[in-house]
Amino acid sequence: MHGGAIQLVKLVKRFGDFTAVDGIDIDIGSGEFFSVLGPSGCGKTTTLRLIAGFEAATSGEIRLDGDDLATTPPHRRPVNTVFQSYALFPHLTVVRNVAYGLRWAGAGQRRNGESKAAKEQRVTEALRLVQLEDFADRKPAQLSGGQQQRVALARALILQPKVLLLDEPLGALDAKLRKALQTELTTLQHEVGITFVYVTHDQEEALTMSDRLAVMDNGRVEQVGTPDEVYEEPRTAYVADFLGVANLLEADCTRAAGQGAIRLGAFSLAATGGDQQCTGPVKVVIRPERVRVAEGDPVGDNSVPAMVERLVYVGPTTQVHLRLPHGAALQALVANHDGRPEWAAGTPVSATLPPDALRVLAPDAGAAPTIEPETTDGDPDHG
């Protein structure tokens, strides 16, 4: 399958006085697994609906392989959508649900010239892709949630779209099944080779499944990059705090011409990541797994004294909640491979913050997000 490159150019969508999508620019490569990540109300689902043609853009462009889709109705776009609700026909068997879409091509042209044998072969192949050959004669009510999701995928893929849009497709499943289907979805995407655009509020899904991802907030794109780029090198406090767990610390930056340090309370530390030309008050970010904790006084560069407040056991790791001398909270994540730490509350320790793990955020990088509960009511204001 070739094609499927998407360009969103200064895309805007307003509902009355509310701006759901606020001038975003995103390039998605052909055959890429691209996720749009953000909390409820950030504009991610509206962006997906604009690509699908279910909503008309207020302004801006949506291009697919260079062609402007502005005047192309949804049924004539080589795009298909899988929803969280699956939208299966309860009275039809699996095979008939999957075959239903064959009366229309992805671009809206009738397949009346396709033979019955050819259609049956396409249905068989679609069921094979999602490992449902043995469930062809069952109805949706006889399937598990994961199996119903596979039927929805097969029905979408049988049309051979250039782009598959997935709107929170795993949101209704339990945590264990979600993890299993994450692996299945990425394997399936590699096999069929088409562009996947995946909307989710789940950070782990976006990190584990995506080639690249966009983090959205208030209708704007905060950052686009590979999972490791966005996680390790967040550009804003919002991205750092939304994607995973982050220590966001207030500091003073004293570097000049790339030299100097940040000041954390009474302690000067080197920080080699992020804004290298800053001065004055800044935020710095460090991930808990990069903080090293040891008993005793600080030893070496970039070590500061701290006090243990509490430990939280989470299986393979232990969360160590610390308090620094100037009052800031700091969280470390300690692996339990040599046994879990047994520090009591009030134990004095040293916390080492490696320079390459400390990232200085630009002064205008914004505040950490206030994340609202996710909703699934389908309103354009949510998603």
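The side chain of Thr352 makes a polar contact with the side chain of Ser303 at 2.6 Å, a polar contact being a pair of N or O atoms within 3.5 Å in which, within protein, one atom must be able to donate a hydrogen and the other to accept it, and for which residues adjacent in sequence count only if both atoms are side-chain atoms. This is a predicted model, in which local features need pLDDT of at least 70 and side-chain atom pairs count only at pLDDT 80 or more, while totals for chains, interfaces and linings use all residues. Residues are numbered from 1 along each chain as its sequence is written, and side-chain values use heavy atoms, with hydrogens and water left out.

Thr352 belongs to strand 20, where strands (E, at least two residues) and helices (H or I, at least four) are DSSP runs numbered from the N terminus. Leaving aside residues up to four places away in sequence, Thr352 touches Arg290, Val291, Arg292, Asp301, Asn302 and Ser303, contact meaning heavy atoms within 4.5 Å.

Strand 20, residues 348-352, pairs with strand 16 in the antiparallel sense over four bridges; two strands pair if DSSP finds at least two bridges between them. Within this pairing, Val293 has Ala351 of strand 20 as its bridge partner. The two strands belong to an open sheet of five strands, ordered 16-20-17-18-19 with antiparallel pairing. Strand 16 (292-295) and strand 19 (329-335) each have a single partner strand and stand at the edges, so one side of each is left without a neighbour in the sheet. From one strand to the next, the twist averages 45°, with axes taken as lines fitted to C-alpha atoms (for helices over the stretch in contact) and angles running from 0 to 180 degrees between N-to-C directions.

Not counting residues up to four places away in sequence, Ala156 touches Asn80, Val82, Pro161 and Leu164. Ala156 and Val98, although 58 residues apart in sequence, are 7.9 Å apart in space, C-alpha to C-alpha.

Burial of these two residues is tabulated here; buried means under 20% relative accessible area, exposed over 50%, and partly exposed in between (1.4 Å probe, protein chains only).

| Residue | Relative accessible area |
|---|---|
| Ala156 | 3%, buried |
| Thr352 | 13%, buried |

Over the chain, there are eight helices and 21 strands, and 47% of the 383 residues count as buried. Among contacts with a separation of 6 or more, residues 24 or more positions apart account for 70%.
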